[in-house]
Amino acid sequence: MMQATESRATDTLTTAANTQSFAQGRVNIVVVGGGSAGWLTAALLAADHQTNPLVTISLIESATVPTIGVGEGTWPSMRATLARIGISETEFIIRCDASFKQGSVFRQWRSAVPQDCYYHPFTAPVAANELDIAEHWFSHHQQVEFAPAVSSQPAVIAAGLAPKRIATPEYAFLQNYGYHLDAGKFVTLLSEHAKRLGVKHIIDDVVAVHSHTDGRIAALQTLQHGALTGDLFVDCSGLQSLLLGKHYQTPLISVQHCLLNDSAMAVQVAYEDEHAPIASATLATAQAQGWVWDIGLPTRRGVGFVHHSGHTNEQQALATLAQYLHLSEREFSSHYQPKLIRFTPGYRQQFWRHNCVAVGMAAGFIEPLEASALVMVELSAKFISEQLPRSLAQLAIVSQRFNQTFSYRWQQIVEFLKLHYVLSTRDDSEYWLAQRAEGSIPSSLQEKLLMWHQFMPSRYDLPMAEELFPAASYQYILYGMRHLPGCGRPITPGSALRANQAFAEVQQKTQQLRAGLVSNRELLNQIKAHGLQKI
Ligand SMILES: Cc1cc2nc3c(=O)[nH]c(=O)nc-3n(C[C@H](O)[C@H](O)[C@H](O)COP(=O)(O)OP(=O)(O)OC[C@H]3O[C@@H](n4cnc5c(N)ncnc54)[C@H](O)[C@@H]3O)c2cc1C
């Protein structure tokens, strides 16, 4: 049981520690939790500060509390993060059973018709820096869908092709990509690498918190290693939210009134044989009561049904997964031991309190549509590392900035995920009606939708310099779901000429890529045999 200790011994520690925090610019960082969030954060901090002997990092994890063990789809940002940490892409791909993810394919989200499908690719629309190609696509929308008109990537995904060639150097690309990976293997690789970078690894349970008189954490009491002191504590303890939630009692802002899903049932599925194609994107297939993710790793698929416990019980969830995998319920039960995960969709009211910042599930979690959790870990770790406070005065400023930035980002995630449901015309269940009930739509999204009846998503809607979801992401979803504005801005003859060239470039590039790229599986086999060229 977690508790803040107020013993005399703690008081003594308090007085001494108060004067010594950040002494002579030293920063002693203690990360709690050894899941993807803990090890990614520790590794990034260690890589960035490895030449600074004043910064020390330790990571404590429990031997008995397991990691969540899912979280297998990343954004393209992971390439830059891994390169920054100093991990070779070849080693990462081989060790983590990783494959290439070039975006998401949304099936049956507009309607329950089996052919219904649209793409959210990772590559930005063509000529994005010169003009807004969507304006020019409107007049062709009867003939061609938005994503394939403005990007070659949907065709590459549809053909199951890789986003690069064996001669393309590590982390470079022909089509933008992230990864599908094995979460357990990823944690092992990260931990080994972080330890090489100097992170001290402690296996023990945190059982209590010693506080300074001003509310900062002075030390964490462990079962076997005594009290671990620190200047900055990073709470990566997962859904337990040991420090931010339990110790600081920071409320979780539930968003379940807006995004219903609170459960996922996951299984690992074997391929028919070792040559079976590996999908180049996450397949997200809407169901009457939720949606199924299907991601392809080199050695297996990861499949999971995301749903709302109020609309679907365990048996019904099992039946949905069985049906998705074309199995009878009996066959399904004899083949698989599905893992049921429950969560409250939401995020903490604040993420950084005093000298404690939460990263990963400890900060919040909202269903995995668009796989936005690991990118939030990467962004949080980068922020902490780049703004690492060296004094109590800086600590106060950085924590305020962090809270502002990440509150905005969580709100944007809620809004962006909700968009997927709001635009659906599915009415085959109470679930879909509830997911788009008017009272469940955030007012910020309602305002944007009102503007988007007329205008396209633009910087006026998304003013931050580093938006999590830029205007192009909104366009892919809005126009993929066939939510078109009444009329665009006037088109100038010059821009129309450039737009027509750009559409032709997409066609030409699509042909070249189709001819020049091997399949996802073939490239992964080549990487295993020869490795990618180091940068
Ligand atoms: C169904 C589902 C699907 C998901 N899919 C995606 C996806 O596709 N893409 C994506 O980006 N994210 C996804 N996520 C989220 C992703 O799994 C997590 O963000 C990621 O794994 C990070 O988890 P974590 O490290 O915060 O927590 P955990 O993995 O739960 O780790 C918690 C750690 O804290 C330690 N701990 C707990 N209590 C103590 C204690 N008292 N003392 C010491 N240590 C302690 C544990 O031992 C463990 O090491 C998904 C999540 C779910 C639930």
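Reader: Which residue in E21 stands opposite Asp235?
Author: Asp235 stands opposite Ala358 in strand E21. This is a predicted model, in which local features need pLDDT of at least 70, side-chain atom pairs count only at pLDDT 80 or more, and totals for chains, interfaces and linings use all residues. Residues are numbered from 1 along each chain as its sequence is written.

Reader: What makes E12 and E21 paired strands?
Author: Strands (E, at least two residues) and helices (H or I, at least four) are DSSP runs, numbered from the N terminus. Two strands pair if DSSP finds at least two bridges between them. E12 and E21 (residues 356–358) have three, in the parallel sense. So they pair.

Reader: How many bridges join E2 to E12?
Author: Four bridges join E2 (residues 27–32) to E12, and the two run parallel. Val30 stands opposite Phe233 there.

Reader: Why are both faces of E12 called covered?
Author: A residue is buried if 20 or more other C-beta atoms lie within 10 Å of its own (exposed: 12 or fewer; partly exposed: in between; C-beta atoms are placed from the backbone). In E12 (residues 232–235), Leu232 and Val234 on one side are buried, and so are Phe233 and Asp235 on the other.

Reader: Which residues does Val31 touch?
Author: Contact means C-beta atoms, placed from the backbone, within 7 Å. Not counting residues up to four places away in sequence, Val31 touches Gly38, Thr41, Ala42, Ile57, Leu59, Val234 and Cys236.

Reader: How do you know where the ligand lies relative to domain 1 and domain 2?
Author: Domain bounds come from an automatic or database domain assignment. Domain 1 (4–72 + 182–256 + 345–412) and domain 2 (263–342) both give residues to the shell, so the ligand lies between them.

Reader: Which residues around the ligand come nearest?
Author: Near means a C-beta atom, placed from the backbone, within 6 Å of the molecule. Of the 38 residues around the ligand, Gly33, Gly35, Gly71, Gly238 and Gly360 come nearest. H2 supplies the largest share of the shell, three residues.

Notes. Two residues are in contact if their C-beta atoms, placed from the backbone, lie within 7 Å.
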